[in-house]
Amino acid sequence: MSLEAIKYTRGELRILDQLKLPHRSEYMRISKCDDGYFAIRNMVVRGAPAIAIVAALSLAVELHSLKDKLSGYSLKGIQKYIETALDRLNSSRPTAVNLSDAVTKLKAAVGEEVVRDGSTVQSVIETYITRAEDMLSQDVTDNKNIGKFGSTWLVNAVEGKNKISVLTHCNTGSLATAGYGTALGIIRSLWASGSLAHAYCTETRPYNQGSRLTAYELVHEKIPATLITDSMAASVMHLKGVDAIVVGADRVVANGDTANKIGTYQLAILAKYHGVKFVVAAPTTSIDMATSCGREIHIEQRGWHEVVKIAGPKVNKIEADRLVLDLNDVCTVSTAAHDIGVYNPSFDVTPAELIDAIVTEKGVAVKDAEGKFHLGALTTGSN
């Protein structure tokens, strides 16, 4: 059973606090937009699909709790209230396109309801809440389709093997989505079909989403896997027989250039050198046809302090195969020289020429004879 990072019933939203994983599984209650903004900005929740869903639902629970108070608003007034809240949520993390895509669609739905004959403030609120809830359920369906399409494509693309080994970066599983996952969903699908030999996950500095979150999911699912540091990737590809690298995406632009967690670009270069398939897995909501190439993507810069510290529970003892931890003694320690300069972009951009396939819930996009992706057909009716 997949982990449940987002727990929602109408009027109540709780999210798994990913800053406390893998040592503690605690849920944070989200009661209003400000709570959602804080959780997204501070990476209590992360992963492009999950960010969009939590943003949408944080406003849904706020509207549900305030619906009686908001009944005195005019139609234009409630529209402005919703749009202002969505604009603030949209500013929480700028690189992932799923959030802006959700905001655009929710604004459009509200706008259509406002001008509908017979609409009321309550019908506008109901429209918003229903559309936000639909995004939650649709994401799980989309992820399972990504897993199915991606695993089938990989099995066919890697010739001469019944089982393949896959390396993944950052976290793209149930913790980054509404459930199942994108790139990790492909690994799940390979494992379920008996086509996975082994999975490797990178540590993913500086937030360690690989060691804290992806490793946590792989252990939970009992998928054979090994954690490596980011600097071990080339060696593992050379010595361990990795057949494919599968990553997620925060934004895929029209020509196929892809923004994803910092470190993705270097993996794509290594894959090209070693003749390893490099696959991007993302829902069509991550495809931004309005942006022509990767140079136009705004890359989020995170705080310097994230690179020079690390947090975790105290290790009391090292045994043969495990650490004995004191979960009540959690601290943050410095890992770098004082006053060293720090560069901390959250994402990098992988050029389309290094990508073999882009897997979506609608199918797999590959390049034509001229080496170009054509993503428009996949996004028709989506963006």
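**View 1. Arginine 14 stands opposite arginine 29 of strand S3.** Welcome to a predicted model, in which local features need pLDDT of at least 70, side-chain atom pairs count only at pLDDT 80 or more, and totals for chains, interfaces and linings use all residues. Residues are numbered from 1 along each chain as its sequence is written, and side-chain values use heavy atoms, leaving out hydrogens and water. Strand S2 (residues 12-16) is joined to S3 by 4 bridges, and the two run antiparallel. Strands (E, at least two residues) and helices (H or I, at least four) are DSSP runs, numbered from the N terminus.

**View 2. Three strands form an open antiparallel sheet in the order S1-S2-S3.** Two strands pair if DSSP finds at least two bridges between them. At the edges, S1 (6-9) and S3 (27-30) each pair on one side only. Helix H1 (residues 33-41) packs on this sheet, touching S2 and S3, and its direction makes about 140° with that of S3. Here, angles run from 0 to 180 degrees between N-to-C directions, with axes fitted to C-alpha atoms, for helices over the stretch in contact (heavy atoms within 4.5 Å). Helix H2 (residues 48-66) also packs on the sheet; H2 touches S1, S2 and S3, at about 30° to the direction of S1.

**View 3. Threonine 291 lies in the loop between strands S11 (287-288) and S12 (309-318).** Leaving aside neighbours within four places in sequence, threonine 291 is in contact with Arg251, Val253, Ala254 and Glu296.
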